[in-house]
Amino acid sequence: MADIAVQGAPGGVRFSPLASLSTLVDPGRTLIVTDRRIHALFGSAFPPCPIAFVPEGEAAKSWEVLGGLYRRLTDIRMDRDGLILAIGGGSISDLAGFAAHTWMRGIAFAAAPTTLLAMTDASLGGKNAIDFEGYKNVVGSFHQPEAVICDIETLRALDGAQFSSGMAEVVKHAVIDGEEYFSFLEATLSAAGGSGFNHESCSSAALRRMVADSQRVKLAIVARDPTEKGERRILNLGHTFGHAVEIVTGAPHGHAVSIGLRLACAYSVARGDMAEAAKARIESLLKGYGLPVRLSETASGAVADGGIRKAMARRIAEALVMDKKRSGGIVHFVIPRAIGEVSVERVAVGALAAFLEEVEL
Ligand SMILES: NC(=O)c1ccc[n+]([C@@H]2O[C@H](COP(=O)([O-])OP(=O)(O)OC[C@H]3O[C@@H](n4cnc5c(N)ncnc54)[C@H](O)[C@@H]3O)[C@@H](O)[C@H]2O)c1
């Protein structure tokens, strides 16, 4: 897709206002996929292309919505030289990336992410998916975007919960990456007065560095393991417990990942693999960026009773059902050992369940 050739930035990422999309795409060969909220906020900067509107959030990632998108591609006679341009959050890039991968056996795909999660995570690395019959992300593919265009200023329109949800992945990337990125996040927080960080008032330079550093961390790992055969699993740090929290309590993904990250650190400390001081720094950074680290701090205020502990343990075991590599109740678990030191180990589900019985949730 020569019209959207990418220069410079790693993995084809560029920082540019949404209005620059008009100079990058050919309106006669491009379908924009977005939702009504994003269009109301930023539509005036969109290039003059046909638009497919999809439902907001996770509801976009359905078989029915995908079918509607194929119908639209048929109506506009999209051929193999076309481009699907996702403008929005991770749900839109997941849906649109899969549509691009499957339409005519694969057409070009580009993303202009407008949430922190999509800029730092979902729009990068080529994974896409829709949900099926209650199972999340089970129908999908790998389809690398031709370009990812990030307009940092769009992040100012997010609400606080959406922004902090993305911050969980940012903190995760810093834990994986090491001291320099982690202390930058600590310094940014203390410059804002400890817990007064606000993405509406945060400088563009600081926002941009967070996004760029997280992209660097993710893209470097993806480049070494594009189809998640090994090292890429490191990016699941905090997600084994996090997914269980998300499903059992209904907490937003990033909030659940934050609790999952603290639990992974606590598990590592309990095994003697991580110093308490490192865990305390991670926990304090998460809290400083407005993230819950305990169930009681989520919007649902879930109480960590025996029922919740069992439901979470059951959920972790159930996750194995969809894991092709399951064997003998073992999960690939990401162990944080220090800031900048993380490894993937095979851990018995029973050990995680026993830990959940004991730990402060
Ligand atoms: N493919 C991957 O590698 C990957 C990685 C992480 C997450 N994901 C997926 O990403 C999805 C979550 O994405 P998300 O957190 O970006 O949310 P989302 O896309 O599910 O929803 C975003 C919501 O915020 C609104 N919105 C978007 N940009 C806005 C802005 N700038 N200001 C105000 N409102 C705005 C949208 O209208 C929508 O209501 C999940 O489905 C998850 O599975 C995919």
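Asparagine 137 counts as partly exposed, with 14 C-beta neighbours inside 10 Å; the label covers counts between the two cut-offs, where buried takes 20 or more other C-beta atoms within 10 Å, exposed takes 12 or fewer, and C-beta atoms are placed from the backbone. Asparagine 137 is found in strand β7, and its phi is positive at about 60 degrees although it is not a glycine. Keep in mind that this is a predicted model, where local features need pLDDT of at least 70 and side-chain atom pairs count only at pLDDT 80 or more, while totals for chains, interfaces and linings use all residues. Residues are numbered from 1 along each chain as its sequence is written. Helices (H or I, at least four residues) and strands (E, at least two) are DSSP runs, numbered from the N terminus.

- 19 residues of domain 1 are in contact with 23 residues of domain 2, where contact asks for C-beta atoms, placed from the backbone, within 7 Å.
- On the side of domain 1 that touches domain 2, β1 (13-15), α5 and β7 (135-142) each supply at least two residues.
- α5 gives the largest share of that side, with 5 residues.
- By class, that side of domain 1 has 13 nonpolar, 5 polar and 1 charged residues; Ala, Val, Leu, Ile, Met, Phe, Trp, Tyr, Cys and Pro count as nonpolar, Asp, Glu, Lys and Arg as charged, and the others, Gly among them, as polar.

**Around the ligand**

- The ligand has 29 residues around it, and the closest are Gly89, Gly90, Ser91, Thr115 and Ala157; a residue makes the list if its C-beta atom, placed from the backbone, lies within 6 Å of the molecule.
- α2 (36-42), α4 (90-102), α5 (116-122) and β6 (127-132) each put at least two residues into this shell.
- The shell divides into 9 nonpolar, 12 polar and 8 charged residues.

**Helix α4**

- α4 has 13 residues and runs 18 Å from its first C-alpha to its last, close to the 18 Å expected at 1.5 Å a residue; the expected span is 1.5 Å times one less than the number of residues.
- 11 of the 13 residues of α4 are buried, so the helix is largely enclosed by the rest of the structure.
- Among the buried residues of α4 are Gly90 and Ser91, and those two are also listed among the residues closest to the ligand.
- After α4 comes methionine 104, whose phi is positive, near 50 degrees.

**Helix α7**

- α7 (residues 179-191) also has its 13 residues reaching 18 Å from first C-alpha to last, close to the 18 Å expected.
- Tyr181, Phe182 and Leu185 are buried in α7.
- They sit on the same side of α7, because they cover an arc of only 105 degrees around the axis; the arc is that of the directions from the helix axis to the C-beta atoms.
- Glu179, Glu180 and Ala187 are exposed on the other side of α7.
- What do the buried residues of α7 pack against? Their partners are α6 (160-177), α8 (204-224) and α11 (276-288).
- Glycine 193 follows α7 and has a positive phi, near 90 degrees.

**Two glycines in helices**

- Glycine 260 is found in helix α10 (residues 253-270) and is buried, with 28 other C-beta atoms within 10 Å.
- Leaving out residues up to four places away in sequence, glycine 260 touches Gly238, His239, Thr240, Phe241, Gly242 and Val245.
- Glycine 68 is found in helix α3 (residues 63-75) and counts as partly exposed, with 16 C-beta neighbours inside 10 Å.
- Glycine 68 and isoleucine 149, 81 residues apart along the chain, have their C-alpha atoms separated by 25 Å.

**Another positive phi**

- Glutamate 228 has a phi near 55 degrees, a positive value in a residue other than glycine.
- Glutamate 228 is found in the loop between α8 and α9 (239-249), and counts as partly exposed, with 15 C-beta neighbours inside 10 Å.
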